[in-house]
Amino acid sequence: MIKYIKSLFAPKIPVIKNNTFLLWEPCSKSHSEVLPGYAKYLLDLGYHVSVLCVPERIKEGLFSRFNNRNLSINYLSKKQIRQYFLNNDLADIKGVLVTTVGKLCDSVHYEDIYKSFSNDADRSKLFFVEHEVSNSINAGTWREDFITLRKINYKNAGSVVVNPHYFGDVRITPKNKDITNFVTIGAIRNKRKDNNMIVDSAYALIKKGFKNFKITVIGKGHIKDLPKELHPYFDIKGRLSFDKMYKEIENADFVLTAYDENNPSHIRYNTSGTSGSFQLVYGFLKPCIITEAFAKINGFNNENAILYKNKDNYTDAFERAINLSTIEYASMQQNLKIYVDTLYNESLLNLKNLINKTAGEEQ
C-alpha cells in the first residue's frame with residue numbers, strides 16, 4: 001500500500017530511502033494532475049518515489065487509483081517543503097523532478113529557480129517541467145534540457161518530451177449504448193475553449209431530433225447560465241475531487257475540446273503549451289472531438305478521434321460520435337491505445353536518457 005505521512009508527530013522532511021527520487025509540485029492550485037504520470041515513469045525506472053505537494057490535492061484522491069509499495073506520499077505543508085529544499089544539499093537522494101518550473105521563477109529568468117534550493121544542492125540532480133514555453137523562447141532563455149508534456153510546435157525549439165498520462169488502475173470502458181456522454185473539463189469560459197460551439201451544437205442536435213446525448217461539465221459554471229431548453233442535456237458537476245473526476249471520465253464516451261484555430265487564446269494548445277484534457281484522453285482511452293488543425297501535434301487522427309475542420313463542422317462531429325457503433329468505438333479506442341503506448345515508451349526513454357546524461361552516467 002502507499003505510505004501516507006500525516007500524523008501530528010510526522011517528520012517535517014520527506015520519506016527518503018536508498019534510491020529516492022523526489023517529485024515536487026510547487027503549484028498549490030493546478031498542474032498536480034501530472035504527478036501520477038511522472039511518478040509512474042520514475043517507478044518504472046526503478047526509483048523509490050517520494051511525492052511533495054500541498055496536502056489538499058492528496059486528500060482529493062490524486063493517487064486514489066495507485067497501489068505501489070515504492071511510492072511514498074508526504075503530508076508536508078508548502079512552507080515545510082520550501083524549507084526542506086532550502087536547507088538540504090540533496091546528497092541522500094537520486095534527484096528532484098519539479099513539475100511546474102513556472103512556480104519557481106517567471107518562466108524567463110530560469111537562473112532564479114535555484115533560489116529555491118540550498119547553495120550546496122547538486123544542480124545535476126534537478127529536473128524541471130515547463131508548461132508554457134513561449135515567454136522564454138521569445139526572450140532567448142529557453143533551455144532544451146527542460147521537460148515538456150508534448151513536442152514544442154513553436155519557433156523550432158526543442159525539449160525533452162515526457163508525457164504524464166497514467167492515473168493508476170483506471171477502468172477502460174466501452175461506449176454507452178443508450179445515451180452518448182460527452183464530457184468537457186474546465187471552467188465554462190471561452191478563453192480555454194469556445195463554449196458557444198458546444199451550446200450551439202446542442203441546440204442543433206435537438207432541432208434534428210437527437211435526444212440520446214448528454215454533456216457533462218467538470219468545472220465551474222451553473223445550469224442556470226444555460227437556456228432552459230438545454231437543461232435536460234447538460235450535467236454541470238462543478239469542480240470535482242480527483243477520485244470523483246476519475247469516475248466521471250470512466251463513465252463518459254468522448255472528451256470535448258472546442259478549439260478555434262483563429263482564436264488567439266486557443267493557439268497555445270497547438271504551439272507552445274498543451275491541455276490537461278489530452279492527458280485524460282490518453283490515460284482513460286476516451287476519444288476526443290478536436291479540430292483538424294490541432295490534431296496531429298497531439299497524436300490524433302481520424303482513426304483514434306473525431307475530427308472537425310472548423311466551427312461550422314462542429315455539430316457534424318457530435319453526430320458522428322453519437323452514431324458511432326460500439327464496435328467502431330472499440331476500434332477507435334484500440335487505435336488510441338497504440339498511440340498512447342508508443343508515447344509512453346518514448347517518454348520513458350527520454351526521461352531515462354535525461355537523468356543519465358545529466359548525472360554523467362553512461363547511456
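Modeller: Let's start with L285, in the loop between helix 7 (276-284) and strand 13 (288-291). Helices (H or I, at least four residues) and strands (E, at least two) are DSSP runs, numbered from the N terminus. This is a predicted model, where local features need pLDDT of at least 70, side-chain atom pairs count only at pLDDT 80 or more, and totals for chains, interfaces and linings use all residues. Residues are numbered from 1 along each chain as its sequence is written, and side-chain values use heavy atoms, with hydrogens and water left out.

Biologist: Why is L285 called buried?

Modeller: Buried means under 20% relative accessible area, exposed over 50%, and partly exposed in between (1.4 Å probe, protein chains only). L285 has a relative accessible area of 9%, so it is buried. Its phi is near 50°, a positive value in a residue other than glycine.

Biologist: Why is K220 called exposed?

Modeller: At 61% relative accessibility, K220 is over the 50% limit and therefore counts as exposed.

Biologist: What makes a group of residues a patch?

Modeller: Patch residues have over 30% relative accessible area and no salt bridge; like charges are joined within 9 Å, and nonpolar side chains (Val, Leu, Ile, Met, Phe, Trp, Tyr) within 5 Å. D89, with a relative accessible area of 39%, passes the 30% limit. D89 belongs to a negative surface patch with D92, D120 and D122.

Biologist: How do you know that D253 has no salt bridge?

Modeller: A salt bridge needs a side-chain nitrogen of Lys or Arg within 4 Å of a carboxyl oxygen of Asp or Glu. For the buried D253, the nearest side chain of opposite charge, K286, is 5.3 Å away, so there is no salt bridge.

Biologist: Which backbone nitrogens does the side chain of D253 reach?

Modeller: The side chain of D253 reaches the backbone nitrogen of N176 at 2.8 Å, and one of its polar atoms lies 2.7 Å from the backbone nitrogen of N181.

Note on methods:
Accessible areas come from the Shrake-Rupley method with a 1.4 Å probe; for residues, only the protein chains shown count as cover. Lys and Arg count as positive and Asp and Glu as negative; His and the chain ends are not counted. The place of a charge is taken as NZ of Lys, CZ of Arg, CG of Asp or CD of Glu. A polar contact is a pair of N or O atoms within 3.5 Å; within protein, one must be able to donate a hydrogen and the other to accept it, and residues adjacent in sequence count only if both atoms are side-chain atoms.
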